[in-house]
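Please open the model in your viewer with the sequence panel beside it, and keep the selection tool ready. The tour moves from one selection to the next and says what is to be found at each stop.

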Amino acid sequence: MKLKSIKLHPFAGIRDKEFQFENGLNVLLGPNEAGKSTVFHAILNGLLTTTSLTAKQVDDTMGLFFPVSGGDTIRVTLVLEDEQKSEVRIAKTWKKGTRNGSASLHLPDGTEITDEEEIQKQIEELLPVSPATMKTILLADQSGLHHTIREMEKEDKVRKELGDLLRQNLMETGGVSVDRFRELLDTRYDEYFKRWDRDQDYPENNRGINNPYKVGTGKILDAYYQKEQLRLDLEEAKRFENELDQLNEQLSELVNRQKEKKEEFEKLEPLKKGISQRKDKEQRLENAELKKKSLLEISQKWPVLEDRIKNLEPKKKEQQDKIEKLQIEQKKAQNKQRAEQLKAKIKKLEELSVKVGDAKKEVEEAKKVEQSDVQELRKLKNEISNLKNRIEGARLTLRIEAESEQNFGFTEAGNPEEKIEARQGKTIEKKASGGFTLSMDGVKIDVFSGEGDLEEVVKTVSGKEQELKNQLEKLNVDSLQSAESVAELYRQNQQELSKVESLYQSELGDDDIEKLKTELEELGDLDQVRSVSEISDDLVDARTAFEGLKKDAEAAQDQIAEWQKEYDSVEDVIMELAETSKFMKDLKAEIEELPELPSGFESADEFIEKVESLDREIRDVEQKISEKKIEKANLEKDAPDTSSEELEKMKEEAESEFERIHKEGETLARVRERTQNLLESMDANTYSGLEKSFLNWLQKMVKGRFEEIQMNGDLPSTFTTDDCRPLTYSLLSHGTKDTVALAWRFALTEHFLQDQSGFIILDDPMVDMDPDRRELASNAIEEFSKEQQVLVMTCHPEHGELLKHQTHVEIQS
């Protein structure tokens, strides 16, 4: 099938224009934006895009091609020539809106078809290849041809069509697509192994029965989950039966324990009241014995404490008098301490006063040079240095070659004049910074660097140096270093004065030295007074003795007062003692009438606790029996529907089913692997013809630069150069990639079209090639056009001139 003509009326920027094409080579030449891309998209959509589109599909697919003036209709009419040289006319109209387009197809026998779906079906049957291959290989619009290989990597339909086509040249497949057969095997494989990890022989991602996949599972995983679920159900049934047996055992044990406790309780409980009464009376007897003992002790100690109180009073009076005398002596000792402190402070203040006077004298007698004066001198010094550096940086060279003896006066900027005697035939060379003055025979020549501003700089230096000299004289120093030393000494003297004044004021505080001297005189002579520590020791001893006597007297008084709260006198204590003895005698007689503590018990409390414990234990066992009965009823309510024996059998059957399905899957996997190996061995030669054709076209365009090509299946991967260097596709230059891609498209087109006629569109195929490659590529295009119709689109007239045997089509904006 070849393209005879196309009419755009309108389409994008072309309102009404028809393009005629001939067999062989056709060149569409026009400047950028003239409409080459419009013609290409008109051909592409005229063949492959239906007119039955939704409003959104119209906007997304065809929106760019509606006139910018606002029209809502675009049309394309294509005339094709089939294998019998008969014409097929295709007319398509797209309108904005939903399903507003229309189409018509005129077949060679005069039949007209207007059903859009049928038209597109008929067009695709007329095409020599599938729409995907047509778009990727024959009608690729990229000016960068190497995109063809990248597109094929993504376009599975094109690669499958190519693979089936090439295999049919090697073997008979009975009309069955090898890739389709491989897909069917892969589908069956997925039916068994989906979500199943064959390497681990376990569900993918370790998602066992506790975290199962809900959807998208294969037969093996379903059978695995089935057997695992039955395993869990069996474990649950066994757990239930074991738990029920344990509950029954626990209930039997509780009933037996309840019986034993009741028998023991009925034997001991009748004695509880008598034992409790005996315990109470024995406790009362014990308390009475303690009371009797206490009363006896009080009756003996009361008279003794009364005598002690009488004897302690004179001793307390003696210690109190001693304390008062020591306190008077202590006051004198404290005055003596204060006098010593005053003497030391007055002495230190007088010494500091002398230091303050000395420091003030040092400050008054020293040269007064402040830090600000030093900073001003330093600033002048830096300014002079910077100006001199500027003069030094503008260094000039004077060279004098005398033809006769001459005398010159040479003055460097800022320096005294120097006399120069020039001898005939001798060369004199002088260096000057910034500028110089040359004088001879009444002529004075001033030379300065730059535009002469250094003369002003020299004057400024002189002024600054005089200013520095005046400042040094004013401060009575001879240099900046001397000023810095004097300023530092002056600062130190001031710092020392401030320091001693601060020490004096800190020592004096809020006091007045004259008042301190007066206070010292008023304290008088205290030489014979003992030290504070000696007096304090005696005072502590006296106070300790007094407090001890006082404490003993108060303790005796407190104890008698405590006894008097309960008893008025010692006689009352003796009467209470007699009554307590009679009470104890009567209580012992009552105890003799009560039952004895049974053997095996250490005390009445132990016996009573045992009886009460038995009562609690009996009630506790009864509660536990009730709880176990409820627990058993609840457990039996949720009993499994199937017994463990039945589940055991079902689990074994599920395991057998899993093994069967697993075995089927593994058999299918082995068949699939062997099929893949077989197809790979068959495919080893599938692409050899394509590889040979590709290398043939490539060598024509690169003059034998590449000796060999390695294929990765249906795509080229490595190119071996004539110096045996292997290059991958990504390492090729941009121009070489275009040459490779052009040869690749020719090879693919040959294999897709084979004995059929067709056409291929090349959009600026030589734009990135150098002149040598461009000439070779144009020869290859002409050779290819002898077999198939070729449409070359370009905006470069020189490219069109290279293509000699051509039909020339002008595209103008």
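Select residues 406-412, which form strand S11, together with residues 435-440, which form strand S14: the two strands pair in the antiparallel sense over four bridges. Strands here, like helices, are DSSP runs numbered from the N terminus, with at least two residues (E) for a strand and at least four (H or I) for a helix, and two strands are said to pair if DSSP finds at least two bridges between them. Within this pairing, Phe410 stands opposite Leu438 of S14.

This is a predicted model, in which local features need pLDDT of at least 70 and side-chain atom pairs count only at pLDDT 80 or more, whereas totals for chains, interfaces and linings use all residues. Residues are numbered from 1 along each chain as its sequence is written, and side-chain values use heavy atoms, with hydrogens and water left out.

Next, select residues 480-508, which make up helix H12. How far apart are the end C-alpha atoms of this helix of 29 residues? They are 42 Å apart, which agrees with the 42 Å that the helix should span at 1.5 Å a residue, the expected span being 1.5 Å times one less than the number of residues. Several residues of H12 are buried, among them Leu480, Ala483, Val486, Ala487 and Tyr490; buried means under 20% relative accessible area, exposed means over 50%, and partly exposed covers what lies in between, with a 1.4 Å probe and protein chains only. In general, an α-helix has 3.6 residues a turn, so residues three or four places apart point the same way. Just after H12, Gly509 takes a positive phi of about 65°.

Leu352 counts as buried, at 8% relative accessibility. Not counting residues up to four places away in sequence, Leu352 touches Leu503, Tyr504 and Glu507, where contact means heavy atoms within 4.5 Å. The C-alpha atoms of Leu352 and Glu507 are separated by 9.0 Å, although the two residues are 155 residues apart along the chain.

Now select strands S19, S20, S3 and S21, which in that order form an open sheet of four strands with parallel pairing. Its edge strands are S19 (759-763) and S21 (807-810), each of which pairs on one side only, and the twist averages 20° from one strand to the next. Strand S20 (residues 789-794) runs parallel to S19 and is joined to it by five bridges, and Leu791 in S20 is the bridge partner of Ile761. Helix H1 (residues 36-48) packs on the sheet, touching strand S3 (25-29), S19 and S20, and its direction makes about 140° with that of S20; axes are lines fitted to C-alpha atoms, for helices over the stretch in contact, and angles run from 0 to 180 degrees between N-to-C directions.

In the loop between strand S1 (2-8) and strand S2 (17-20), find Pro10, which a cis peptide bond joins to His9, with omega about -15°. In the loop between strand S5 (87-95) and strand S6 (102-106), pick Arg99, which has a positive phi near 55° without being a glycine and counts as partly exposed at 47% relative accessibility. Asn206, in the loop between strand S9 (202-203) and helix H8 (219-268), also is not a glycine and has a positive phi of about 55°; Asn206 is exposed, with a relative accessible area of 52%.

Finally, zoom out to the whole protein, whose secondary structure comes to 21 helices and 21 strands. The radius of gyration is 63 Å, well over the 28 Å that the globule rule gives for 813 residues, so the protein is more spread out than a compact globule; the radius is taken over C-alpha atoms, and the rule is 2.2 Å times the number of residues to the power 0.38. The C-alpha trace spans about 160 × 140 × 60 Å along its principal axes.
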